[in-house]
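I opened the notebook to log a few look-ups. These are my entries, in the order I made them.

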Amino acid sequence: MSQEPSPDRLDLYTRVLQNQGAVKARLVVNPVLPEEEAIFELIDDLQDTLRPVTPDIAFKTQLREQLLASAQRQRNYRRLRIPATDKRIRLPWIAASAAVLGATATLAGAYAVWRWNAGRQAA
């Protein structure tokens, strides 16, 4: 048998554990392989220890206001036929300039090495 637990079995076990409980989860992955036993116990411990946290009312209110403002802004853009702006600024000339500068530096370096070698051979 393999020494590594199957990620698919671990995922299946975790999903069934969360939705239907530990007994059902053990039945679904039966037989539990020896190399999986420690990981399944760890998953059980985490399930018992970690509990879902509900967001604070202030957070929910702030998030709702931000979403409504964003939706209103999008509606206004559509009404005014203003395209939504992309956060990234695309400057293709910077990349092209960098490529030209790199190529020039490479050629200058190659020329300098060639001249240096030619000068050493002449001496």
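**Aromatic pair**

I counted 1 aromatic pair, taking rings of Phe, Tyr and Trp (its six-membered ring) as paired if their centres lie within 6.5 Å. Y111 and W114 form that pair, 5.9 Å centre to centre. Their planes are 35° apart, so I logged the pair as tilted (under 30 degrees is stacked, over 60 edge-to-face, the rest tilted). Both residues lie in helix α5 (residues 92–122), 3 residues apart, about one turn of the helix. Helices here are DSSP runs of H or I, at least four residues, numbered from the N terminus.

**Basis**

The model is predicted: local features need pLDDT of at least 70, side-chain atom pairs 80 or more, while totals for chains, interfaces and linings use all residues. Residues are numbered from 1 along each chain as its sequence is written, and side-chain values use heavy atoms, without hydrogens or water.

**Helices α1 and α3**

I looked up how α1 (residues 7–20) and α3 (residues 34–49) pack: the angle is about 30°, with axes 11 Å apart. Axes are lines fitted to C-alpha atoms over the stretch in contact, and angles run from 0 to 180 degrees between N-to-C directions. The two helices are therefore roughly parallel (angles under 35 degrees). Contact residues (heavy atoms within 4.5 Å) include L10 and Y13 of α1 and I39 and F40 of α3.

Technical notes: Parallel < 35°, antiparallel > 145°, perpendicular 65-115°, else oblique.
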